[in-house]
Structures are given as C-alpha cells and as structure tokens.
Amino acid sequence: MSDIKKKQIATRLKEIFWPLERSELKLFVPMALMMLCVLFNFGALRSIKDSLVVPNIGAEAISFLKLWLVLPSTVIFTLIYVKLSNMFDYEHLFYLIVSFFLGIFILFTYVLYPNQEFFHPSPETISNLISSYPNLKWFILIAGKWSYAMMYVFCELWSAVVINLLFWQYANNIFDTKSAKRFYPILLMIGNIGLILAGNVLVAFSDLSMVADSNILESYASDADYQCTMVLKPVMKTIILSGIIAMILYRYIDRYIIRSKDLRATVHIHSKDTRTKLSLLESIKLILSSKYIGHIIILLLCYGLVINVLEGPWKARVRELYPNTVDYINFMGKFNIWMGISSVCFTIIGGNILRKFSWLAAALITPYMISVTGIIFFVFVIYADDINIFGGFNPIYFAVLIGAVQNILSKSTKYSLFDLTKEMTYIPLSLELRTKGKAAVEVIGLKVGKSLGAFSQVAMFMLIPMATFDSVTGYLMIIFVIIIFLWIWNIKALNKEYLKLKGEEE
C-alpha cells in the first residue's frame, strides 16, 4: 500500500473518530471533562430518584410527581432563571445554581433521609387517610414520603437545568454551526463515559460489603432504611465532588481558555457579555411570538410524552423484580453501565451521520428508533401470557429485559442525535432567544411533555383507584403511536425554519 493511500485512510479514520485539531484540545479537554462530571451526576441521580420512589411508593406515583410537582417546579424555576439572567452572566449563574442543587442533595442525604421517621407521618396515619379518601390514594402516599418526592423533583431538574440549560447554553455561545458539528458529538461521546462511571459507582456501593463490615450488616440485616443510608452517603459524596469539579472546570475554561486568540481563530464566540437585557414580561412576549421556538418546544413535548408513556409500565415491572431499594439501585447501576456503553457507540455513529447527512435525516432517527422499540415492548407486555417462546421462564424478567433494551436503544439515539440536532437549532438565534427561549424550552418544554403523558395516567389512577399499569397498557400504546406521528411532522416543519435561519447565519 502506497504512502498516499495510507495517509488517505488515516485522514478518513480521523474524520470519523476524531474530527478535531490539536490546537482545539485545550478547549475540548476541559469541556469534555465538565460534561463527564454533569452526566455522571445525571446517571447517579436518575437511579437514586427511581430507587427511592418506585420500591417505596410505587411506579404509578411517578405520573403524579411529574404532573403535580415537577411541572410547577420547572415553571417557577424558569421564571426565577429569566430574572437571574438579567443579573448574572453564564459563569456566575452556573456556580449559583449548581451549588444550590448540591446543597439540596446534602440536606436530603444527611438530614432528611436518616431521620425520616421524625419528618414523615406515620404509616398508620397514611393508611387511615387512604381508607377515608381512596381516590386520593397516590397523593396521600406521596405526602407520606414527601422528602422522597422533593429529592425526585430536584434529581429531575438536574438534567433539564444543569445539562440542557446551563452547559449547552454555554456551549452554544462558544461554537457556531460548523464547529458544533465537529465538537458536539465528541463532547457527548466523552460525556457519556460519565454514565458508565456512575453505573459502576452505584453497583460498587450497593454491594453492602463495600461500605460496612459483616458485624454491622448482621446487626442491621432487617433494617432496609439503614442499609439504603449506607449506600446513599458514599454515592452522594461522589456526586458532590463531581459537581465541585464541574464548577472548577467552568471557571478554568471561562477565565483561561475562552480569551485565547488562537482559540478565536478556530471557533466563533457569539458574545463576551452573556447577561440579557429584556424584562421578564418582554422576554415572555418574545418567546411566545417565536414560531421557531414553538417548534422546538413541540419537539421536546413529543419526546417527553413518549418516554413517560413507555417508562411507567417498564418501571412497574422492575419494581416487581427488585422490590428492595438497594437491589433497585444495583439494577439501575448495571442499567447505567450499558446505557453509557451504548451511548458512546451511538455518539460515534451519530456524529458521522450529522456531518455526512442533513439535519433532517439525523433528527428523524430518534423517533424512528423509539417507535420500533416501543411497539415491540408494548406488544410483549400486552400479550405476555400468550407468548410461549420463552418456555418456563419468568415473564416479568423478560418484560424488564425487553424494556431495558428499549430504554437503552431509544435513549442512546436521544443522547447522540436528538440532543445534538436540538442544540444546533439554537445556534443561529439571538442572545435573548438563545438564553431565555432555551430556558423556556429546556426547563418547561420537556417537563410539560412528561407531565402531559402523566396527566392521562393520573386521570386513570384517580378515577379507578385499583387501576395499575398492567390494566392500562393498551390505552398507553394508542397514545404512544399518535404522538410519534405528531413528532415526525413537527421535525419536518422545524427543518424548514432551521434552514432559513441557518442560511441567514452563513
């Protein structure tokens, strides 16, 4: 093989796996490490919130939490954020908000959870209230474990606020569309290693022999809450440390990298001053008048809806298989490991799709993947008793397995292609819309989508107190198919608007 041929192959491989220049590494490395930290926390917190709520309250409670607690919290937070964005630049907003989240996590782990018998109403009180008001059963159960509900809300907000809003907003202010096509896929690939690390941490610490000696374990063998405390504390320490490192990296990038003249020759920084100027009312009017922002909101609404419709029935079966909180954390840790591995692989594939094909082609892959895997899952759950190909194996185990595969594949395409294409749609916008429009979309849009999906489930569970996910899965499948069609239509409409704005940018 000639030297020219070898060089062509080497260049081709570099374009596929590492489309960055050496001079860009001083920006890429700290940004990738910062993303790894926030995604590590995302993976760990996602597992913790589900492990607290599903085994102790029930998978059905998630719909109530998303509708009645997560949604109002996101609206309130967005209004506060819009106000704060006029007072602080991106850097100080990041420090303020991340520190607030870490403070909440410390409060729960070291104060509320170890003393929950003092802070929570007694089980007898909850049981009596449910007997008196059966239609309010799930509200009463949530109130009985209110600190779990609070933790669930803030774990949910971490992904919407710290990752989707703070991190990507900062990145969108640094990169133009051409640079983003090279940087974003590799950033996501490195960042998704954080999910693998989070999974390993959860698996390691949920092995109680790692955090306590045999005498202590024997003494507290029947105390599930104490065992969970032993797992939560070391996991939370790693989350706090990861959050602090993310803030240090942010400061390093903003103070010592962004101002480099060599960097400015490679990437385009939209603006040094990232404080916005419009008032809260003016900002709301601007957002509501933007058809473009409306399409992005629908994009997230559709994703949130289909994920909420899918996850409920799956998590209900995970609870049947792993009713203990520590066992649930261990399962979610293993789930995170496979999620991270899959996401890294899909990010490599997705990055090349994004660079070689159109924005539209890349954006459509996520709804197609979710539709195929989702329908397979629904069909298996609905007709599990009639499917005999697994012989005498436990159908609950296979429902959990198929649901896990569906979750991993759909979210891998979401993290690798949905997130990339969505972030690129913000780049051509003005500073006001990039900041406040993105806040409305990311913090409210996704949560409203999940809450709308939750609303249909909440109505069923309130009207029929004895209803479970097993009895409503067929109806959820119909809702799922309708949303998929709406999602695909909206992507095509958004693509037309995006091409117009992108043309103006270039």
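Author: Happy to. One cut-off comes first: a residue is called buried when its relative accessible area is under 20%. Please keep in mind that this is a predicted model.

Let's begin with Thr373, which sits in helix H17. Its relative accessible area is 9%, so Thr373 is buried. What does Thr373 touch once its neighbours within four places in sequence are left aside? The answer is Gln406, Leu409 and Ser410. For Ser410 there is also a distance: its C-alpha lies 7.4 Å from that of Thr373, although 37 residues separate the two in sequence.

Staying with H17, we can look at a helix that packs against it. H15 covers residues 291-321 and H17 covers residues 359-382; their axes come within 11 Å and cross at roughly 35°. The crossing is left-handed. On the H15 side, the residues that meet H17 are Tyr303, Val306, Ile307, Val309, Leu310, Pro313, Trp314 and Arg317. H17 answers with Ile370, Gly374, Phe377, Phe378 and Val381. Sorted by class, this contact holds 11 nonpolar residues, one polar and one charged. If you are wondering about the spacing along such a face, an α-helix has 3.6 residues a turn, so residues three or four places apart point the same way.

Lys414 belongs to helix H18, residues 395-426, and Tyr303 is one of the residues it touches, along with Thr366 and Asp419, when residues up to four places away in sequence are not counted. Is Lys414 buried or exposed? With a relative accessibility of 8%, Lys414 falls under the 20% cut-off and therefore counts as buried.

Now for another helix pair. H2 (residues 25-56) and H16 (residues 325-356) pack at an angle of about 145°, their axes 9 Å apart. This crossing is right-handed. H2 brings Gly43, Arg46, Ser47, Asp50, Ser51, Val54, Pro55 and Asn56 to the contact, while H16 brings Thr325, Tyr328, Ile329, Met332, Phe335, Asn336 and Met339. By class there are seven nonpolar, six polar and two charged residues in the contact of H2 with H16.

A leucine ties in with this pair. Leu202, in helix H10 (residues 193-205), touches Gly43, Ala44, Ser47, Val235, Ile329, Gly333 and Asn336, again not counting residues up to four places away in sequence. Among these, Gly43 and Ser47 also belong to the H2 side of the contact between H2 and H16, and Ile329 and Asn336 to the H16 side. At 1% relative accessibility, Leu202 is under the cut-off and so counts as buried. Its C-alpha is 9.7 Å from that of Ile337, a residue 135 positions away in sequence.

H3 runs over residues 61-85 and has 25 residues, which at 1.5 Å a residue should span 36 Å; its end C-alpha atoms are 34 Å apart, so the two agree. H3 does bend by about 35° at Val70, with a proline, Pro72, following within four residues.

Finally, the chain as a whole. It has 20 helices and zero strands, and 57% of its 506 residues count as buried. Among contacts with a separation of 6 or more, 87% are between residues 24 or more positions apart.

Note on methods: Residues numbered from 1 in each chain as written. Predicted model: local features only at pLDDT ≥ 70, side-chain atom pairs only at ≥ 80, totals over all residues. Heavy atoms only, no water. Axes fitted to C-alpha atoms, helices over the stretch in contact; angles between N-to-C directions. Helix = DSSP H or I, 4+ residues; strand = E, 2+ residues; numbered from the N terminus. Left-handed = near helix turned anticlockwise from the far one by under 90°. Contact = heavy atoms within 4.5 Å. Nonpolar A, V, L, I, M, F, W, Y, C, P; charged D, E, K, R; others polar. Expected span 1.5 Å × (residues − 1). Bend = angle between axes of the 7 residues up to and from the residue. Buried < 20%, exposed > 50% of the residue type's maximum accessible area, 1.4 Å probe, protein only.
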